[in-house]
Amino acid sequence: MTFCFTGIRSFPKLWKSNPYLGLGPGHSCNSLFLKDYYGIRNQQKWFFLQTASPQNTKAMNLLIAKDRYRRKGSNKVSSEFPHLFAAGSAKKRSQMNPQSKDHVSPPVRNIIQLPTKPLNSEQWDKLKEDFKGKANFENWIISQMAHYNSSVDVAKSLLAWVATKNNGIVTYNLLVKYLYLCVFHKQTSEVFDVYEIMKARYKSLESGANTLLIRGLIHSERWREALLLLEDIKKVMTPSKKNYNDCIQGALLHQDVNIAWNLYQELLCHDLIPMMETLKAFFDFGKDIKDDQYSNKLLDILLYLRNNQLYPGESFAHSIKTWFESVPGEQWKGQFTSIQKSGQCLGCGKTIESIHLSPEEYEFLKGKIMRDVIDGGDQYRKTTPQELKRFQNFVKYSSPFDIVIDGLNVAKMFPKARESQVLLDVVSQLAKQNLRVLVLGRKHMLNPRARWRKDEMEEVQKLASCFFADNISEDDPFLLYATLHSGNHCKFITKDLLRDHKACLPDAKTQRLFFKWQQGHQLAITNRFPGSKITFQHILSYDTVVQTTGDSWHIPYDEDLVERCSYEVPTKWLCLHQKT
């Protein structure tokens with residue numbers, strides 16, 4: 001798509017002189033913002049304008065020291081071993097893994113310097129001559145400008161040069177990237193100009209341009225036109241949660257609360273999960289407002305977080321605290337705290353909801369897993385019907401068990417130790433506690449060799465019930481089947497986080513129940529000393545979810561500097577209670 005500037009009245013305005021804004025910092029988040037928010041992608045891979053930052057020598061030396069310590073005693077896991085489901089534990093485990101490899105950056109092949117001030121035609125000609133890439137220079141340079149948030153004036157000089165070289169024609173791609181820079185730098189008048197040009201030239205715009213224009217208009221007196229653009233998007237597709245966020249933010253900014261709530265309800269009706277900054281905006285707007293209806297809607301937002309197992313970020317948590325404490329006459333007091341292993345809040349002393357499922361929840365989940373994970377689909381595609389029947393009969397006549405062990409998975413937890421010895425150590429300790437143990441394994445584990453000693457495997461079979469499947473069979477479905485058939489008391493041991501099986505469940509409610517059950521039943525091994533006891537990590541006794549008792553709220557939240565994977569839960573809480 002191309003655009004010819006000839007004959008457009010607003011063309012002179014588009015190129016009016018602006019003070020130089022400077023080259024924006026090239027943070028990695030800017031690239032992500034451009035790609036994910038506006039749908040503009042730069043596929044050029046040959047050029048890089050930013051060199052890697054120097055290594056943190058102190059941090060590297062610390063990691064090396066930790067690695068040497070582990071090598072001296074490979075069968076020991078650090079006493080600071082993070083909880084299996086705690087926020088940031090996946091990252092910590094990867095740092096503790098001596099076999100992990102450093103990320104290797106791609107080689108830098110060609111480097112050109114982005115201009116920091118507007119260039120004339122001759123200077124742009126020279127820069128293009130110096131460009132050695134295979135991509136179109138104009139598209140590549142505007143993409144780099146957008147990536148590094150270059151000055152609007154620099155980008156404007158590029159488009160002026162392109163127009164003079166192409167009989168006044170500038171491609172749609174260049175115009176949209178220029179619009180991105182105008183929005184990023186909040187050059188509202190420039191956004192207006194580009195908007196008028198696009199309206200005059202095109203009957204309709206694609207979603208990327210509409211999204212940019214919505215973001216560019218919401219802070220201006222023309223913010224209601226963003227709502228018209230939202231309607232244009234609806235004609236061809238469901239608007240994104242980011243589109244709704246911008247329009248809601250604009251409505252709240254201009255004090256139109258009814259439009260903001262209507263857009264929020266519309267977003268939910270599309271089964272979109274609102275952005276946390278959208279929800280935060282409602283709390284920020286509600287500060288010091290004495291309006292019971294508005295307050296009830298904010299409490300509904302907190303219940304929405306609970307029902308969908310969502311967690312606010314640290315800034316959002318501060319907004320929630322501020323709102324509660326600002327409600328006239330309510331006398332709420334908030335504090336940031338954590339929860340003891342017992343489930344007691346360190347702030348107010350109240351006990352957090354139990355992680356354990358009710359009998360009704362357990363039976364519901366058991367039925368769903370049996371139908372959708374074990375019986376429904378290709379989970380047993382590597383297991384013969386005969387073996388499946390053999391296993392089901394085995395469980396029927398041998399259960400219930402107290403502990404089900406993924407034998408192969410557990411045996412390989414300590415790479416430098418003999419597999420059969422590790423498995424025997426685990427089974428022995430559990431058997432001493434008079435627990436009924438089931439070990440699930442593969443038939444090859446019974447073949448005597450250096451890492452699988454016959455005498456140790458025979459001892460395992462004396463201390464525990466064992467089922468050895470064919471070597472090609474899947475372990476996890478057997479593990480789930482045996483654990484669930486044994487009852488709600490039964491725990492299981494594996495390093496596998498079972499994410500694939502959770503994904504097989506048909507709806508969000510069942511997936512949340514599965515994760516809650518998993519947190520309350522999956523044991524993790526933290527230490528093993530040869531000839532000594534195995535140390536198991538405690539299982540969380542409480543449910544990490546937004547909860548209330550009427551006169552108190554407990555809200556788990558994500559810390560800004562902690563990277564949390566989807567299967568992890570926050571460790572920090574906002575405790576709110578009413579003064580008596």
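Of the 580 residues in the protein, 49% are buried. The model is a predicted one, and its secondary structure comes to 24 helices and 13 strands.

The mean pLDDT is 82, and 79% of the residues reach 70 or more. Residues 1–80, though, have pLDDT below 50, and the model gives this stretch 161 contacts beyond near neighbours in sequence. Another stretch, residues 99–109, also stays under 50, and here the model has 5 contacts beyond four places in sequence.

Now for the sheet. Four strands make up an open sheet, running in the order β3-β13-β12-β11 with antiparallel pairing. The edges are taken by β3 (332–337) and β11 (547–548); each has a single partner strand, so one side of each is left without a neighbour in the sheet. For β3, pairing with β13 (residues 572–578) is antiparallel and spans 6 bridges. Within that pairing, glycine 334 has leucine 576 of β13 as its bridge partner. A helix also packs on this sheet: α16, residues 314–326, touches β3, β13 and β12 (552–557). The direction of α16 makes about 155 degrees with that of β3.

Technical notes. Residues are numbered from 1 along each chain as its sequence is written. This is a predicted model: local features need pLDDT of at least 70, side-chain atom pairs count only at pLDDT 80 or more; totals for chains, interfaces and linings use all residues. Side-chain values use heavy atoms; hydrogens and water are left out. pLDDT is the predictor's confidence in each residue, from 0 to 100. Contact means heavy atoms within 4.5 Å. Two strands pair if DSSP finds at least two bridges between them. Helices (H or I, at least four residues) and strands (E, at least two) are DSSP runs, numbered from the N terminus. Axes are lines fitted to C-alpha atoms, for helices over the stretch in contact, and angles run from 0 to 180 degrees between N-to-C directions. Buried means under 20% relative accessible area, exposed over 50%, partly exposed in between (1.4 Å probe, protein chains only).
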